[in-house]
Amino acid sequence: MLRNLEHFQVMSNILSYLKEGNLEELKLETFCTSFEAKFKAYDDVLVLERSSALSEKIYQADIERDQAFRALVSAVKNYVSFPDEQKSAAAAQILHQIEKYGKGVERLPYLQESGILSNLLQDLALTENANALKLLQLDDWVKVLKDSTARFDELFMSRETDNSTKGSGEVKEARQAMQEEFERLVYGINGYELVYGTSVYGPLANKINEAVEYAQQQVSRRTRRPKEEDEQI
């Protein structure tokens with residue numbers, strides 16, 4: 001749930017921590033080289049992202065359609081094992097329509113995700129599928145997904161008409177690649193820590209954990225409800 005620039009700052013801090021250490025002694029030279037390459041690519045596309053006033057709105061619209069998609073999938077999966085045979089069959093039917101587009105739809109680059117969601121919504125509008133969704137009382141979730149997808153597409157097309165932001169649709173893809181590289185680094189450090197001991201990798205691991213924890217706290221503060229804040233005060 002981090003904003004792009006917040007996520008970028010966390011990755012920047014982690015790269016700094018890596019370079020502060022003795023990479024040869026830590027056996028992390030290859031990890032650092034790969035991490036830095038992904039970070040450079042991320043930085044390059046974010047230069048375009050920063051230049052558009054619509055970028056933050058697009059990012060938030062993408063989160064909204066991703067959340068709607070995940071909520072729909074989750075609800076359908078819950079109904080697959082429902083005791084009512086008719087509803088269970090209806091859920092299996094809808095799940096098949098969703099899964100034929102593959103896994104991780106919400107992690108795809110902007111335009112690729114838009115294309116898949118557009119096709120999926122057309123499939124779900126077919127009479128047989130629409131009736132199944134109505135039986136499961138999930139047609140409202142489909143409307144939420146449809147509306148959020150339309151909003152994203154409208155914002156994205158508005159930004160793409162601005163020549164200063166051409167190519168910035170690659171931001172989501174670059175961020176995902178950066179996140180995967182970060183996770184690979186974490187797995188590597190955890191593995192080395194088991195083999196060579198906490199004393200060797202503990203200081204670096206602690207710095208990374210602190211950076212991640214701080215970012216999570218920022219998101220928590222931003223998303224906390226006012227009532228909850230009042231209660232804590």
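In helix 6, the residues Tyr110, Glu113, Ser114, Ile116, Leu117, Leu120, Leu121, Asp123 and Leu124 are buried, where buried means under 20% relative accessible area, exposed over 50% and partly exposed in between, with a 1.4 Å probe and protein chains only. The structure is a predicted model, in which local features need pLDDT of at least 70, side-chain atom pairs count only at pLDDT 80 or more, and totals for chains, interfaces and linings use all residues. Residues are numbered from 1 along each chain as its sequence is written, and side-chain values use heavy atoms, with hydrogens and water left out.

**Overall fold**

- The protein chain contains eleven helices and zero strands; helices (H or I, at least four residues) and strands (E, at least two) are DSSP runs numbered from the N terminus.
- Along the sequence, the pattern of the protein chain reads α-α-α-α-α-α-α-α-α-α-α.
- Of the 233 residues in the protein chain, 40% are buried.
- Among contacts in the protein chain with a separation of 6 or more, 75% involve residues 24 or more positions apart, a contact being heavy atoms within 4.5 Å.

**Helix 6**

- Helix 6 spans residues 110-125, 16 residues in total.
- From its first C-alpha to its last, helix 6 reaches 23 Å, close to the 22 Å expected at 1.5 Å a residue; the expected span is 1.5 Å times one less than the number of residues.
- An α-helix has 3.6 residues a turn, so residues three or four places apart point the same way.

**Packing of helix 5 with helix 7**

- Helix 5 (residues 85-99) packs with helix 7 (residues 127-135) at an angle of about 130°, and their axes are 9 Å apart. Axes are lines fitted to C-alpha atoms, for helices over the stretch in contact, and angles run from 0 to 180 degrees between N-to-C directions.
- Helix 5 and helix 7 are therefore oblique to each other, given that angles under 35 degrees count as roughly parallel, over 145 as roughly antiparallel, 65 to 115 as roughly perpendicular and the rest as oblique.
- The crossing of helix 5 and helix 7 is left-handed, that is, the near helix is turned anticlockwise from the far one by less than a right angle.
- Helix 5 contributes Gln86, Lys87, Ala90, Gln93, Ile94 and Gln97 to the contact, and helix 7 contributes Glu128, Asn129, Ala132, Leu133 and Leu135.
- The residues of this contact comprise five nonpolar, four polar and two charged; Ala, Val, Leu, Ile, Met, Phe, Trp, Tyr, Cys and Pro count as nonpolar, Asp, Glu, Lys and Arg as charged, and the others, Gly among them, as polar.

**Packing of helix 1 with helix 9**

- Helix 1 (residues 4-20) and helix 9 (residues 171-196) pack at about 35°, with axes 11 Å apart.
- Helix 1 passes helix 9 in a left-handed crossing.
- Asn4, His7, Met11, Ile14 and Leu18 of helix 1 meet Val171, Arg175, Met178, Gln179, Phe182 and Leu185 of helix 9.
- The contact of helix 1 with helix 9 has seven nonpolar, three polar and one charged residues.

**Individual residues**

- Glutamate 99 belongs to helix 5 and is partly exposed, with a relative accessible area of 48%.
- The C-alpha atoms of glutamate 99 and valine 73 are separated by 9.3 Å, although the two residues are 26 residues apart along the chain.
- Most residues other than glycine have a negative phi.
- Lysine 27, in the loop between helix 2 (23-26) and helix 3 (29-50), has a positive phi near 60° and is partly exposed at 38% relative accessible area.
- Glutamine 137, in the loop between helix 7 and helix 8 (139-160), has a positive phi of about 60° and is exposed at 64% relative accessible area.
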